[in-house]
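Q: Hi! I have a protein model open and would like to walk through it with you. Could we go piece by piece?

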Amino acid sequence: MTADQPGAVWHPSPNFGPRRDGLTPSLIVLHYTAMDSAAAALDRLCDPAAEVSAHYLIGADGGLWQMVAEDSRAWHAGAGEWAGQADINSRSIGIELDNRGTHPFSEPQMAALEALMRGIMQRRDIPPAGVIGHSCMAPGRKCDPGPRFDWARLARLGLAAGGFGAPQPQSMEFEDFRQAAAAAGFTAPADDQTLLTAVRLRFRPWARGPLSAEDFLPLHPLVR
């Protein structure tokens with residue numbers, strides 16, 4: 001078998017299966033590996049005892065490996081939900097980034113990610129709104145790709161949804177924030193603080209403190 005993405009090194013993992021219920025990819029889920037090196041991550045993602053995998057891995061130097069064919073179901077997302085839908089593994093393509101979550105993502109790595117995402121989005125007709133982080137669909141359980149990931153850069157390139165700006169919300173109640181977040185796709189079960197953290201990780205990773213009007217802004221135009 002050859003890689004779906006030109007330039008990717010085909011390095012097959014045994015950890016995959018068929019997509020369920022006739023589902024095809026409509027999401028891209030971004031992860032960080034939280035391991036010491038791309039080689040260590042590659043070994044784990046291809047270890048049958050680990051029972052985890054992803055479609056792609058991108059090294060800090062921009063090296064690109066494909067482990068599971070895009071038509072198949074990789075085991076990267078786990079339990080969670082996005083936009084009211086479960087079994088994210090059957091609905092998505094998973095991309096792992098060689099990063100521990102504690103340092104910036106390198107320029108070669110980001111450039112390789114952008115090229116890969118353009119290819120996937122064109123092949124699979126995935127819109128920018130279909131690009132999410134692991135933390136978006138599993139709030140509280142996962143925090144990757146983490147606060148150092150440059151979501152704004154992807155948004156400027158049309159590779160992810162961005163904040164749009166909105167009028168001040170009429171209410172600052174958490175229930176209103178929860179409804180706006182759910183309308184934007186954040187439907188996985190989470191308490192108020194966990195949900196706020198997940199939305200901030202995606203749109204405002206620098207933010208701290210209690211719920212504020214600024215937390216509603218990236219969810220526009222869904223906020224009324």
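Q: Which helix does F174 lie in?
A: F174 lies in helix 6, residues 174-183. Helices (H or I, at least four residues) and strands (E, at least two) are DSSP runs, numbered from the N terminus. Before we go on: this is a predicted model, where local features need pLDDT of at least 70, side-chain atom pairs count only at pLDDT 80 or more, and totals for chains, interfaces and linings use all residues. Residues are numbered from 1 along each chain as its sequence is written, and side-chain values use heavy atoms, with hydrogens and water left out.

Q: Thanks! And what does F174 touch?
A: Not counting residues up to four places away in sequence, F174 touches D192, L196 and L211. Contact here means heavy atoms within 4.5 Å.

Q: Is F174 buried or partly exposed?
A: F174 counts as partly exposed, at 22% relative accessibility. Buried means under 20% relative accessible area, exposed over 50%, and partly exposed in between (1.4 Å probe, protein chains only).

Q: OK, new topic: what order do the strands of the open sheet have?
A: The order is 1-5-4-7-3-8, in an open sheet of six strands with mixed pairing. Two strands pair if DSSP finds at least two bridges between them. The edge strands are strand 1 (9-10) and strand 8, each pairing on one side only.

Q: What does strand 1 pair with?
A: Strand 1 pairs with strand 5 (residues 64-66) in the parallel sense, over two bridges. W10 stands opposite Q66 in strand 5.

Q: And how many bridges does strand 3 have with strand 7?
A: Six, in the parallel sense, and strand 7 covers residues 92-97.

Q: Let's switch to pockets. What volume does the largest pocket have?
A: About 410 Å³. On a 1 Å grid over the protein atoms alone, a pocket is an open set of points with protein on both sides within 12 Å along at least five of seven lines, and lining residues have an atom within 4 Å of a point. Grid points are joined across faces, edges and corners, and a volume is the space filled by probe spheres set on the points.

Q: Which residues lie nearest its centre?
A: V52, H76, E96, H134 and K142, out of 20 lining residues. Helix 1 gives the most to the lining, with three residues.

Q: Last one: how many disulfides does the search find?
A: Zero, in the whole structure. A disulfide is a pair of cysteine sulfur atoms within 2.5 Å.

Note on methods: 1 Å grid on protein atoms, 1.4 Å probe; cavity = no way out; pocket = protein on both sides within 12 Å on 5 of 7 lines; lining within 4 Å.
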